[in-house]
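Hi,

Here is the structure I promised to pass on. Have a look at it first, and my notes on what turned up follow below.

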Amino acid sequence: MNLNCYGYGPPEQRKWIVVDCGVLFGRETSTPGIDLIMPDIRFLEEVRDDLLGIILTHGHEDHLGAVAHLWPKLRCPVYATPFTARLLHDKLEEAGLETRVRVKIVPLGGRVTLGPFAMEFISITHSIPEPNAIAIRTPLGTVVHTGDWKIDPEPLLGEVTDVTALRGLGEEGVLAMVCDSTNALVPGESGSEAEVRRSLIRLIGSLKGRVAVTAFASNVARLQTVAEAAEAAGRELVLVGRSMHHMVNCARDTGYLKNFPRVLAEEEAEHLPAGNVLYLCTGSQGEPRAALARIAAGDHPTVSLGEGDTVIFSSRIIPGNELAIFELHNQLAAKGIAVLTERDHFVHVSGHPARDELASMYSWVKPRIAVPVHGELRHMSEHARLARELQVPQAVVILNGQMLRLAPGAAEIIDETPSGRLHLDGRMLVHEDEGFARARRSLGFAGFIGVTLVLDRKGRLAADPALHMEGIPDAVQGPVREAIARAAGGKRGRDGDLEEQVRIAARRAANEIWGKKPMVRVQTVEV
Ligand SMILES: [Zn+2]
Ligand SMILES: [Zn+2]
């Protein structure tokens, strides 16, 4: 979930730009019912009149996924290179915003000037077409915002990292570099897409039976690799899952995948011999509604795999998805399907820089200040330590909402702005503090008891308490009912709060027999 704000000028005349505006996916365990999580942009709404534009580095969801949701609060132009702009366009169309948002397409290596910010897009490599670093020149110095990157000498698709431009910036003098920390704990280099291609072609060529490969649809180079591996092995390629088709179309429309082979429709592949088909599927993260989960559960309408078939996970496990993915592995294994992953075969490389690549980047750009972003705190802290080792004079780790002054003078955290998260809950955008997710978590854990007490004018019980219980085991219901009746009919406590007295009694009784305290709500009605 990336969103970085850059401001220039004295507070009363300060102008702003935003680089990236992304989402996180909600999780059933921690945020039940929440599809997407995005940054709370209260601070930006306040400076909206001075917000000159949103600049997108690349098309991953954690960098552009929030634009369609948050743009109505900001209403500024959005700048992106052609492939990213195409992905954004489809999202805006879904939100009915495509005619309202001004999306300005920037050519690769292009320049955009907004007020005091003179920006240059610099091609880098990552795991999606058209990743860009943004050099932001201001009268007080240049900031290089790397976006997500790695150094891939053979990215197979699109440009290689524009080292000349990065070196040129270093020679010109760079005030600060705001840089990807994802793999700051990983030694060495991330490896090249070309090596994965060679390995996957070999691996798939050696397999018998049906083969399915799952990968991120946005890794277009990987899709091309799988297509070539299919061709080399004499297998017909079948795309399974909506986002696979969508991403292939977006890539073709913007001039990529020119040599992508013929794709067979799912139904056409049903009658092919097992050794002649290769499925390229969505669902590498165990997403329950994606193609692979349905295939594993045996309820996909056209694709079925079994004994002697193979599924290759050409992807990494995104932290937090471990349980879902391992469950999927087990479901597949139970059907006699071989499961190959990056842990046992060379079928994936990361799109983020390992330590040697970070060292190269610092040697080219030579910033005076390092600002690690994109990672957990431990990644950013380690990245800062590495930057200092690499002779960067100052490295500052900032937390969400902190305002860092880069110039004039030494870098210093000068303010805290309101920050936090917004949850997309169905069609509504709600602040995390409204607590829906928390309430749903506790409901899911221990259920709900609703109690209605009918009192006469003197405050005495006029009828038996009416109870409504959800998700409470039968064996718990009786004792809870008795405890509520006792508490409601008994003497009031000193503070006389009958509702609270009943609530505590119900929770205590449930806890005694069950070891869990359900959510209890008590209301009183006077007759
Ligand atoms: Zn990315
Ligand atoms: Zn990212």
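Let me start with the metals: in sequence, the donor residues of the zinc ion (ligand 1) follow the spacing H-x1-H-x65-H-x21-D. Donors here are N, O and S atoms within 2.8 Å of the metal (3.2 Å for Na, K and Ca), and water is not among the atoms, so sites may look incomplete.

Before going further, some housekeeping. This is a predicted model, where local features need pLDDT of at least 70 and side-chain atom pairs count only at pLDDT 80 or more, while totals for chains, interfaces and linings use all residues. Residues are numbered from 1 along each chain as its sequence is written, chains are lettered from A and ligands numbered from 1 in the order in which they are written, and side-chain values use heavy atoms, with hydrogens and water left out.

The protein donors of the zinc ion (ligand 1) are His58 (NE2), His60 (ND1), His126 (NE2) and Asp148 (OD), at 2.1 to 2.3 Å from the ion. The angles among these four donor atoms run from 92 to 161 degrees, and the site is irregular. For the cut-offs: four donors count as tetrahedral if all angles lie between 85 and 135 degrees; four count as square planar and six as octahedral if opposite donors are over 155 degrees apart and all others between 65 and 115; anything else is irregular. Histidine 58 and histidine 60 are both buried (buried means under 20% relative accessible area, exposed over 50%, partly exposed in between, with a 1.4 Å probe and protein chains only).

**Helix packing**

The chain has 16 helices and 27 strands; helices (H or I, at least four residues) and strands (E, at least two) are DSSP runs, numbered from the N terminus.

Helix 4 (residues 82–94) and helix 8 (residues 242–253) have axes that come within 9 Å and cross at roughly 130 degrees. Axes are lines fitted to C-alpha atoms, for helices over the stretch in contact, with angles running from 0 to 180 degrees between N-to-C directions. Helix 4 and helix 8 are therefore oblique to each other (under 35 degrees counts as roughly parallel, over 145 as roughly antiparallel, 65 to 115 as roughly perpendicular and the rest as oblique). Among the residues of helix 4 that meet helix 8 are Phe83, Leu87 and Asp90, and on the helix 8 side the list includes His246, Met247 and Cys250. Contact means heavy atoms within 4.5 Å.

Aspartate 90, in helix 4, counts as buried at 13% relative accessibility. Leaving aside neighbours within four places in sequence, aspartate 90 is in contact with His246 and Cys250.

The axes of helix 5 (163–172) and helix 12 (residues 355–365) come within 6 Å and cross at roughly 55 degrees. The contact is made by Val163, Leu166, Arg167 and Gly170 of helix 5 and Met361, Trp364 and Val365 of helix 12. Lysine 366 follows helix 12 and has a positive phi, near 45 degrees.

**Two loop residues**

Buried or partly exposed: what does glycine 33 count as? Partly exposed, at 35% relative accessibility. Glycine 33 sits in the loop between strand 3 (24–25) and strand 4 (34–39), and its contacts include Leu424 and Arg440, not counting residues up to four places away in sequence.

Asparagine 219 lies in the loop between strand 13 (211–214) and helix 7 (220–232), and counts as buried at 6% relative accessibility. With residues up to four places away in sequence not counted, asparagine 219 touches Ser127 and Glu193.

**The whole chain**

Of the 527 residues, 52% count as buried. The C-alpha trace spans about 85 × 70 × 50 Å along its principal axes.

Cheers
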